[in-house]
Amino acid sequence: MIKIPPYLAKGDTIAVVCPAGFMPYEKAATCISVLQDWGYKVRPGKTLGSQFHYFSGTDEERLADLQVMLDDKEVKAILFGRGGYGMSRIIDQLDFKLFKKHPKWLVGFSDITVLHAHIYRQFNIATLHAPMAAAFNDGEYENEFIQSLRKALKGGISNYSCESHTLNRTGKAEGELIGGNLSLVAHLIGSVSSFKTKGKILFLEDVGEYIYNVDRMMIQLKRSGMLQQLAGLVIGGFTEMKDTTTPFGTDVFNAIHSHIKEYNYPVCFDFPVSHEKNNYALKVGMMHQLYVSKNKVTLKEIR
Amino acid sequence: MNRKRFIASLGSASALLLTDVSKASEAIATRTKKIIVPPYLESGDTIGITCPSGFMLEKDMQPAIEQIKKWGFQVIEGDTVGKRDFTFGGTDEERRKDFQNMIDNPDVNAILCARGGYGAVRIIDQLDFSSFKRKPKWVIGFSDITVFHSHLHTNIGVATLHSKMCNSFPDDWSKAEPIQVETIISLKDALQGEKLVYNGGICEKNKPGTAEGALIGGNLKLLETMAGTPSDISTDGKILFVEDVGEALYSIDRMFYNLKRSGKLDKLKGLLVGSFTSIKAETPGDEFGRTLYDIVLEKVKDFDYPVCFGFPVGHQRSNFALKCGIKHRLTIDANHSSLEEI
């Protein structure tokens, strides 16, 4: 059984740290004040606003900051400032001993997929795939996606729906929800952090990739046995896709579809999980029901 | 458990199934010891040219075909030569069929892939290598062709040739740069069974030492995207070479973490770092802050095997033919580095 970290109550503390790319402090200012408005205390980590070249700090600094927040019992959730690149450089040095005893919600996506996958695979603890600090800016904290994060933190049961897509395959599936950024899901294959996908509902999203590379990664997932025995598949946004000078010849959703058409499980495309605004908070590891009907797609948490 | 599935399951469970992993490594190592070496080519033998990945115009292939004929070989042009389906050298089915013909045609003694690009992984599982096992032949190419090197190494235990392809032959041989001529001649020499010796040059970042082991490797991105699949390689006890083109430093770093975290750096005998060309430009103020040397050296700091930088393999003119699967000796000291076939 998946272990669920305690949901948050008013007055609880949320830490904000940057385990990967650099983020100027001011870009997280709105997020911090909104979290406070929601009734939480906020503890900014040392890596919020600090910089070491591309990164928010040296490996040691990023590691130490995240470790402190993982270990501190007062901290009930850790919201990541941003993704970028850097989790892979520190994941094996993190000590999860106290975290396992006192799980807390880890909130983020993109490069944070490394953490979702590792914690699910190694400790079977639920995490939260959700918008990060920058997504709060420009008044966006009022949108339904940031609000979905607010509800998720409080323990609300998620129930999301979206429009149907011509490539969808109808059906109903139940299973633990896992997934994240396709590049990271593929990158983790062969490591101790890789997702096991049998009987699960897998969601995938990506940004800024070449279509041929998405195609290649889907083939990797398929050839490594990750697509055969899914309960269901949720394809999120694949935004800012690039094509080669000589075109690949098909769009990204058709490329993905070509690799899963032989299976029978339900599949939906363009679900609101992405690097764009439309990015619902998804509880990785928790039981969900995916219902793809002719006219509508719903993904809801089951308790 | 059948072999393919066993290898596939290794990827996702490597750390948890140590006994299985070592058993598998043994199995692969045993296989590698008895590596099958396809017959070397003699004058009059036939080289089949096919496009399993990207498309290539027939006229662009002529310099290569003419030169290969001058060497005394015959050439069979596959159906995919000059074919095009968007970026591919024909549809998946056309490319598969053409490669299959090259495998099955008893008159073909070696299969030269015209160029890389993308596409090998889309057909590899549909190819039937049963006649190839009975009559192994040299499969030649690099970049996307790394899929074949890895797949054949793991599944058939046959030696392959990592080398320049048709698109690297100079239009006018008489005006070619010496390095172009030298590297393409290394392809001919390798095919004719010459034991090759390479000078890896001097680099102050090299880690000295000597090592012996089967040579294995190719394009780093392809090695990463084969992790967990039936084409994945075991690197234990081997000399690994890697190269790539057009990647960002962070991506190169992440790919080396894939090698490290999937155990591919743990039991190497030696590491050859080829060229990483056209590394993506960095955004000022947002630099990665580490060089290629830093990226590699921090991943292998716990190991004492020799490491050579700037080895002449990659997407550049200095890209010599390397026999994958065959035992080599790597020697690195302060004044030189060399790789020689044993």
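Trainee: How many strands form the open sheet in chain B, and in what order?
Mentor: Six strands of chain B form that open sheet, in the order β2-β1-β3-β4-β5-β11, with mixed pairing; strands are DSSP runs of E with at least two residues, helices are runs of H or I with at least four, and both are numbered from the N terminus. Two strands count as paired if DSSP finds at least two bridges between them. This is a predicted model, in which local features need pLDDT of at least 70 and side-chain atom pairs count only at pLDDT 80 or more, while totals for chains, interfaces and linings use all residues. Residues are numbered from 1 along each chain as its sequence is written, and chains are lettered from A and ligands numbered from 1 in the order in which they are written.

Trainee: And which strands stand at the edges?
Mentor: Those are β2 (74-77) and β11 (322-324) of chain B, each of which has a single partner strand, so one side of each is left without a neighbour in the sheet. On average, neighbouring strands of this sheet are turned by 25° against each other, direction ignored, where the axes are lines fitted to C-alpha atoms, for helices over the stretch in contact, and angles run from 0 to 180 degrees between N-to-C directions.

Trainee: In what sense do β1(B) and β2(B) pair, parallel or antiparallel?
Mentor: Strand β1 (residues 46-50) of chain B pairs with β2(B) in the parallel sense, over four bridges. Within β2(B), V75(B) is the residue that stands opposite I47(B).

Trainee: Switching to helices, how many residues of α6(B) are buried?
Mentor: Helix α6 (residues 146-155) of chain B is mostly covered, since nine of its ten residues are buried. A residue is called buried if 20 or more other C-beta atoms lie within 10 Å of its own, exposed if 12 or fewer do, and partly exposed in between, with C-beta atoms placed from the backbone. The buried residues of α6(B) include V147(B), F148(B), H149(B) and L152(B). Just after α6(B), G157(B) takes a positive phi of about 70°.

Trainee: What about A64(B), buried or exposed?
Mentor: A64(B) is buried, because 24 other C-beta atoms lie within 10 Å, and its place is in helix α3 (residues 58-70) of chain B. Leaving aside neighbours within four places in sequence, A64(B) is in contact with C166(B) and F169(B), contact being defined by C-beta atoms, placed from the backbone, that lie within 7 Å. The C-alpha atoms of A64(B) and C166(B) are separated by 5.3 Å, although these residues are 102 apart along the chain.

Trainee: Where is E287(B), then?
Mentor: E287(B) is found in the loop between β9 (270-277) and α10 (292-299) of chain B. With 11 other C-beta atoms within 10 Å, E287(B) is exposed. Neighbours within four places in sequence aside, E287(B) is in contact with H53(A), Y54(A) and E282(B).

Trainee: Two of those carry chain A labels, so how many residues does each chain give to the contact?
Mentor: Chain B gives 28 residues and chain A gives 27 residues. On the side of chain B that touches chain A, the elements that give two or more residues are α1 (3-13), α8 (220-225) and α9 (249-261) of chain B, and the largest share, five residues, comes from α9(B). By class, that side has ten nonpolar, ten polar and eight charged residues, where Ala, Val, Leu, Ile, Met, Phe, Trp, Tyr, Cys and Pro count as nonpolar, Asp, Glu, Lys and Arg as charged, and the others, Gly among them, as polar.

Trainee: Zooming out, how compact is chain B?
Mentor: Chain B has ten helices and 13 strands. The radius of gyration of chain B is 19 Å, close to the 20 Å that the globule rule gives for 342 residues, so chain B is as compact as a globular protein of that length; the radius is taken over C-alpha atoms, and the rule is 2.2 Å times the number of residues to the power 0.38. Of these 342 residues, 52% count as buried.

Trainee: And what does chain A have?
Mentor: Chain A has nine helices and 13 strands. For chain A the radius of gyration is 18 Å, close to the 19 Å that the globule rule gives for 303 residues, so chain A is as compact as a globular protein of that length. Buried residues make up 55% of the 303 residues in chain A.

How values were computed:
Two residues are in contact if their C-beta atoms, placed from the backbone, lie within 7 Å.
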